[in-house]
Amino acid sequence: MPKAPRVKSRPVRRDDGQLELAEFSESARLEVSAQAKAAADVEDESAMPRRRLRDRVWNALAGLSLVPFAWIFTDALFNAFSHATARTRHVPFWMTHAFLMFGLGAVAWLGWWCVSLLLWKRPTPVRVYVLGHELMHVLMARLSRGRIKDYHISPEGGYIVTTKYNFLIALAPYLWPFYSVPVLAAWGISSVWKGAPFMREFFLAALGLTWMFHLTFTLWVLPRGQSDFHGPGRVFSFVIIYLANAVLLGGALVVLAPEVSWHAYGRELWASTLAFYQWAGDAVGHCLDAFGFA
């Protein structure tokens with residue numbers, strides 16, 4: 001088996017004197033055109049290290065400020081289902097036929113994931129993941145009014161060249177399971193057919209498989225030095241990825257679960273928010289008492 005390419009990031013000086021950021025990684029490379037980086041040309045090169053340090057600090061602080069929201073959404077999700085189970089004599093959602101089909105699809109992908117690691121020492125199919133990865137970059141770049149000037153997709157990795165750059169473009173492939181979108185679209189279209197209720201289990205299994213596909217590949221590429229995280233920073237990137245997946249998974253489970261309504265989920269979100277800030281206030285009070293400021 002060929003070895004996976006190492007991750008590198010380096011600025012490349014173009015022939016016209018403009019600075020273009022070229023980044024190489026195993027599963028994705030996001031290049032920003034010279035027009036999007038034109039502001040870098042007017043900056044004194046000696047100020048670049050200070051600017052990068054300042055950006056990293058602010059990005060890290062922004063990521064840490066989102067940690068409470070990640071805790072709140074996680075706590076609300078577990079509380080919503082645990083309270084629903086306590087209030088009803090019906091079978092809890094985790095044991096319903098709907099969730100079992102969702103879990104069956106997820107377990108099926110996990111089985112294939114383990115087999116591919118044992119046989120080929122890497123997950124398969126990488127090219128399918130790279131295709132979805134780059135298409136998410138393209139989609140978010142287009143939504144940000146950016147133009148796609150070049151792209152590349154192969155089993156060894158991929159990249160896009162776009163005239164726009166922001167953290168949503170960089171992190172888009174990690175925030176939403178790309179292949180779950182056509183599954184949900186087909187599910188919605190099939191609802192007009194008379195036999196749609198009998199097809200629901202197949203769509204649930206497909207949704208579980210595609211969501212686990214997204215989760216396993218995301219966990220696989222996170223520790224591999226993805227260049228997508230160089231701009232937003234690792235702290236901000238990891239927190240926003242976890243928060244986005246917690247929000248989306250919570251919404252999907254609420255849609256699938258008859259035991260939990262949106263109103264009940266909203267109540268749990270509010271209760272978790274109050275509980276967190278009450279805990280934070282008490283912690284600050286104890287710290288002030290310990291240092292004699294109270």
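This is a predicted model: local features need pLDDT of at least 70, side-chain atom pairs count only at pLDDT 80 or more; totals for chains, interfaces and linings use all residues.

Q: How many cavities of 30 Å³ or more does the structure hold?
A: One.

Q: What volume does the largest cavity have?
A: About 80 Å³.

Q: Which residues line the largest cavity?
A: The lining is made of Y129, G132, H133, M136, P173, P177, F178, Y179, T210, F213 and H214.

Q: Which helix gives the most to that lining?
A: That is α4, with four residues. Both α4 (126-143) and α7 (196-221) supply at least two residues each.

Q: And how do the lining residues of the largest cavity divide by class?
A: Seven are nonpolar and four are polar, with no charged residues.

Q: P173 was on that list. Which helix is it in, and is P173 buried or exposed?
A: P173 is in α5, and it is buried. The helix covers residues 167-175, and seven of its nine residues are buried. Besides P173, the buried ones are I169, A170, L171, A172, Y174 and L175.

Q: What happens at the start of α5?
A: A side-chain oxygen of N166 comes to within 3.0 Å of the backbone nitrogen of L168.

Q: Which residues lie nearest its centre?
A: W211, L215, N245, A246 and L249 do, out of 22 residues in the lining of the second largest pocket.

Q: Which helices supply at least two residues each to that lining?
A: α2 (67-87), α3 (97-120), α7 and α8 (234-256) do. As noted, α7 also supplies at least two residues to the lining of the largest cavity.

Q: What classes are in the pocket lining?
A: The second largest pocket has 17 nonpolar and five polar residues in its lining, and no charged ones.

Q: Last topic, α9. How far apart are its end C-alpha atoms?
A: They are 42 Å apart.

Q: Why does that agree with what α9 should span?
A: Because α9 (residues 262-290) has 29 residues, and at 1.5 Å a residue these should span 42 Å.

Q: Which of its residues are buried?
A: In α9, the buried residues are A264, Y265, E268, L269, S272 and F276.

Q: What comes just after α9?
A: G292, which takes a positive phi of about 75 degrees.

Technical notes
Residues are numbered from 1 along each chain as its sequence is written. Side-chain values use heavy atoms; hydrogens and water are left out. Buried means under 20% relative accessible area, exposed over 50%, partly exposed in between (1.4 Å probe, protein chains only). A polar contact is a pair of N or O atoms within 3.5 Å; within protein, one must be able to donate a hydrogen and the other to accept it, and residues adjacent in sequence count only if both atoms are side-chain atoms. On a 1 Å grid over the protein atoms alone, a cavity is a set of points where a 1.4 Å probe fits but cannot get out, and a pocket is an open set with protein on both sides within 12 Å along at least five of seven lines; lining residues have an atom within 4 Å of a point. Grid points are joined across faces, edges and corners, and a volume is the space filled by probe spheres set on the points. Ala, Val, Leu, Ile, Met, Phe, Trp, Tyr, Cys and Pro count as nonpolar, Asp, Glu, Lys and Arg as charged, and the others, Gly among them, as polar. The expected span of a helix is 1.5 Å times one less than its number of residues.
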